[in-house]
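This report describes selected features of a two-chain model. The structure comes first, and the text then goes through it element by element.

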Amino acid sequence: MQPILSLRDVSYSYHNLKGETPALSHINLQIPEGSFVAVVGPSGCGKSTLLSIIAGLLAPEEGEILYRGLSAKDYCADSALRIGYMLQRDHLFEWRTVYQNVILGLELTHSLTKENTDYILKLLEDYGLYGFKDKKPSELSGGMRQRAALIRTMAVHPDLLLLDEPFSALDFQTRLSVSADIAGIIRQTKKTALLITHDLSEAITLADRVVVLSRRPAGVKREMAIHYEIGREDPLAVRGTAAYQEYFNQLWEVLTDGKTSA
Amino acid sequence: MVRHPHKAPPPVSARQESFLRAHHRHHHKIALGRVFLLLLFLGLWETAAGLGWIDRFFFSSPSGILKYLGQMFADRSFFAHTGVTLFETIASFILVTVLSLLAATLLWYQNSLSEILEPYLVVLNALPKSALAPLLIVWLGTGTNTIIVAGISVAVFGSIISLYTGFCQVDPEMCKLIYTLGGSRRDALTKVILPSSVPLILSSMKVNIGLSLVGVIIGEFLAARRGLGYLIIYGSQVFQLNMVITSIIILCAIAMVFYKLIQSAEHYYKKKY
């Protein structure tokens, strides 16, 4: 399958007067269209830097990124090829209602058409937020806030979603249900997703493929395809299978090997 | 548990009710305390002046002030002087607010500009503005313009610094969100920085109104023929201490009214968001 996103030899370093901190070193990655890829790695290894580069917020110092065959400069300029980016915290603005928050992307790209706002109202209805659309974000629960943030991301019709630990601010119980919820939505809409997480079980329950990054400067250490006989409809059931346990152990081994060798 | 004697179920529990009662009692106590303190002060002052503990000529007295106020109302000088001071204060307050918002926005927009200007702003802020007053008189003459500029000069630099610092403290992740959604730096300013800084802007307005009043009074001391500052300086020169103290009391009242106005703007904002 033609990859929707491919990274070739991407490197990036942070600079300050004290010196250079290499964050990414020669990352090669292919993301097939419609796949759900999770990226795991030791904390502080440059996972968020990777997403910022893919989203075009940072320019790679070396290497190249192609999104639907276009380089970063071209796809950032093309509003039809927008990449959706969900940040760690929802950052719903307290001075806007839930509805005003979710239309933010449309407002910024000057595409507040009837068609687009109808789509947003439909999303609000689908995700159980329609009754809360005129409320303030602080009146929403953690899970609802995350769903609102997802709608805000989806509103601009991205076909690639970058998820930067979007569930890490939630408590454990909410996290399980919200992550299952959001993964389900992404699968239903056939979006391609790249999820960054430090939670191994989250990675192997949600993703079709897990990419393990090494310690800083991060490189791709291992790629693992994840497949369950019982399918993905019920992420909680997936957690009970033998395959899940097997994947977890494999992943754990890959990660800890890195620790002892470093 | 204590139950209400009447049959209908009470809308609030007994404990909640006693909490509310205690809360109101506390507030009444505070308000009463404030009024009592004022009356005690006025009473002591009046008695001390009446019994000759202090010299009426130098220290005036509440009754003297009332009499003088009545006289000011009668010859309409109250409206002239208070009006001039009010006008100058409001004009410089509005200009300070607009100028400092514009300047802080520009500094946030242009990082290198803010780095270049930082030491100048700090020095200008620390400079005693009364030192500028004689210069302003030479440049602008004596009159309303000089006084408004004096009012601006006292408040504007501090206001720029505090607004700019506040703008820089807005969570950069919020701006990142704007960029990920395809927004520009200008969008970050109008959608994030300014709306999230409304409480900061209101609190800086609270400071500005006080400082503008300070600047206006300094200006009137040196370069005016009308206004409360002029009355104070004139009164002290001709040993009309009634005039001086009455003007000070009017200033207190003005400060309080301004403060209440901005406070109610704050309340309005809090209720809305």
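## Helix H1 of chain A

Helix H1 of chain A (residues 47–54) is mostly covered, with 7 of its 8 residues buried. The buried ones are A:Lys47, A:Thr49, A:Leu50, A:Leu51, A:Ser52, A:Ile53 and A:Ile54. A residue is buried if 20 or more other C-beta atoms lie within 10 Å of its own, exposed if 12 or fewer, and partly exposed in between, with C-beta atoms placed from the backbone. After H1(A) comes A:Gly56, whose phi is positive, near 80°. Helices (H or I, at least four residues) and strands (E, at least two) are DSSP runs, numbered from the N terminus.

This is a predicted model: local features need pLDDT of at least 70, side-chain atom pairs count only at pLDDT 80 or more, and totals for chains, interfaces and linings use all residues. Residues are numbered from 1 along each chain as its sequence is written, while chains are lettered from A and ligands numbered from 1 in the order in which they are written.

## Sheets of chain A

Chain A has an open sheet of 4 strands in the order E2-E1-E4-E5, with antiparallel pairing. Its edge strands, each pairing on one side only, are E2 (19–32) and E5 (70–71). Two strands pair if DSSP finds at least two bridges between them. Strand E4(A) (residues 62–67) and E5(A) run antiparallel and are joined by 2 bridges; A:Tyr67 has A:Leu70 in E5(A) as its bridge partner.

Another open sheet of chain A has 6 strands in the order E6-E7-E8-E3-E9-E10, and its pairing is mixed. Here E6 and E10 (220–225) are the edge strands, each pairing on one side only. From one strand to the next, the twist averages 15°. Strands of a sheet pair through backbone hydrogen bonds, either parallel or antiparallel.

E6(A) runs parallel to strand E7(A) (residues 160–164), and 4 bridges join them. Within this pairing, A:Leu160 of E7(A) stands opposite A:Ile83.

E7(A) is also joined to strand E8(A) (residues 192–196) by 5 bridges, again with parallel strands. A:Asp164 has A:Ile196 in E8(A) as its bridge partner.

## Two positive phi angles

Most residues other than glycine have a negative phi, and most peptide bonds are trans. A:Glu165 is not a glycine, yet its phi is positive, about 45°. This residue lies in the loop between E7 and helix H7 (172–188) of chain A. A:Glu165 counts as partly exposed because it has 19 C-beta neighbours inside 10 Å.

B:Phe239, also not a glycine, has a positive phi of about 55°. Its place is in the loop between helix H11 (228–237) and H12 of chain B. B:Phe239 has 11 C-beta neighbours inside 10 Å and therefore counts as exposed.

## Helices and domains of chain B

The domain assignment divides chain B into domain 1 (14–54) and domain 2 (62–272); such bounds come from an automatic or database domain assignment. Taken over C-alpha atoms, the centres of these domains are separated by 32 Å.

Helices H4(B) (residues 77–109) and H7(B) (residues 144–168) pack at an angle of about 35°, and their axes are 7 Å apart. Axes are lines fitted to C-alpha atoms, for helices over the stretch in contact, and angles run from 0 to 180 degrees between N-to-C directions. The residues of this contact comprise 19 nonpolar, 6 polar and 1 charged. Ala, Val, Leu, Ile, Met, Phe, Trp, Tyr, Cys and Pro count as nonpolar, Asp, Glu, Lys and Arg as charged, and the others, Gly among them, as polar.

Helix H12(B) (residues 241–272) contains B:Ile250. B:Ile250 counts as buried because it has 20 C-beta neighbours inside 10 Å. Leaving aside neighbours within four places in sequence, B:Ile250 is in contact with B:Thr82 and B:Leu228. Contact requires that the C-beta atoms of two residues, placed from the backbone, lie within 7 Å. B:Tyr230 is 20 residues from B:Ile250 in sequence and 13 Å from it in space, C-alpha to C-alpha.

## Contact between the chains

The contact takes 16 residues from chain A and 13 residues from chain B. On the side of chain B, the elements giving two or more residues are helix H8 (172–180) and helix H9 (185–196). H8(B) gives the most, with 7 residues. By class, the chain B side has 7 nonpolar, 3 polar and 3 charged residues.
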